[in-house]
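The following exercises, each with a worked solution, concern a predicted model.

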Amino acid sequence: MTKSAARARLFEIIRDRSFGYGEITLASGRKSNFYFNLKPTMCDPEGAALLAELTYDALRDDNLDYVGGLEMGAVPLAGALAQLSWLKNHPIAAFFVRKKPKEHGARLAVEGLAKNETLEGKRIVIVEDVTTTGGSAVKALEAVREAGGEVVLVFTMVDRDEGAAETFAKAGVAFRSLYKAGEFLKG
């Protein structure tokens with residue numbers, strides 16, 4: 001499948017499984033009359049494969065060590081991308097950041113690293129399913145920076161175009177997306 005065919009097919013899957021109209025309160029606290037819930041797409045075999053493939057294609061030249069982000073949206077994305085990167089002989093390890101560290105066990109904010117692994121000095125992309133203002137990704141970005149990692153990019157599947165680009169510019173981090181919300185609002 002060509003890249004443009006894969007992008008068109010993924011668009012259809014997101015539109016059918018993960019996009020809808022109706023009043024909703026977003027993670028940012030804003031109200032909207034449309035929404036994206038990418039979990040049904042991320043959990044669909046074809047949707048997951050296409051998300052991983054298109055994300056890998058978009059990131060493969062960024063010389064990354066790790067991919068991760070804030071739970072829950074980043075977990076399926078980072079896992080699928082890590083697996084695909086291994087199959088493509090260009091491994092990018094995955095991790096995720098807890099919204100709140102567990103109160104038992106290791107009490108970690110950053111999960112997925114072995115006891116001898118660290119993000120220190122590593123090149124990292126923060127991934128997110130849907131981005132509005134960027135607040136959720138900033139939480140992950142801050143945790144990664146606290147762990148000594150270098151966040152080189154925030155990459156989202158769908159950018160709602162409601163302030164995230166400005167948020168990441170202020171944080172000194174590049175920002176890209178697979179789709180803009182407006183693409184789904186046209187039809």
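**Exercise 1.** Describe the start of H3 and identify the elements against which its buried residues pack.

*Solution.* At the start of H3, a side-chain oxygen of Asp 44 comes to within 3.3 Å of the backbone nitrogen of Glu 46. The buried residues of H3 include Leu 50, Leu 51, Leu 54 and Tyr 56. Their packing partners are the helices H1 (3–18), H2 (39–42) and H4 (74–87), together with the strands E6, E7 (150–159) and E8 (174–180).

**Exercise 2.** Classify Asp 129 as buried or exposed, and state which side chain it joins in a polar contact.

*Solution.* Asp 129 belongs to strand E6. Its relative accessibility is 9%, and therefore it counts as buried, the cut-off being under 20%. A polar contact of 3.0 Å links its side chain to that of Lys 39.

**Exercise 3.** Characterise the lining of the largest pocket.

*Solution.* The largest pocket has a volume of about 550 Å³. Its lining comprises 30 residues, with Ala 27, Lys 39, Asp 129, Val 130 and Ser 136 nearest the centre. By class, 13 lining residues are nonpolar, eleven polar and six charged. Strand E6 supplies the largest share, six residues.

Note on methods
Residues numbered from 1 in each chain as written. Predicted model: local features only at pLDDT ≥ 70, side-chain atom pairs only at ≥ 80, totals over all residues. Heavy atoms only, no water. 1 Å grid on protein atoms, 1.4 Å probe; cavity = no way out; pocket = protein on both sides within 12 Å on 5 of 7 lines; lining within 4 Å. Points joined across faces, edges and corners; volume = space filled by probe spheres on them. Helix = DSSP H or I, 4+ residues; strand = E, 2+ residues; numbered from the N terminus. Nonpolar A, V, L, I, M, F, W, Y, C, P; charged D, E, K, R; others polar. Buried < 20%, exposed > 50% of the residue type's maximum accessible area, 1.4 Å probe, protein only. Contact = heavy atoms within 4.5 Å. Polar contact = N/O pair within 3.5 Å; in protein donor to acceptor, adjacent residues only side chain to side chain.
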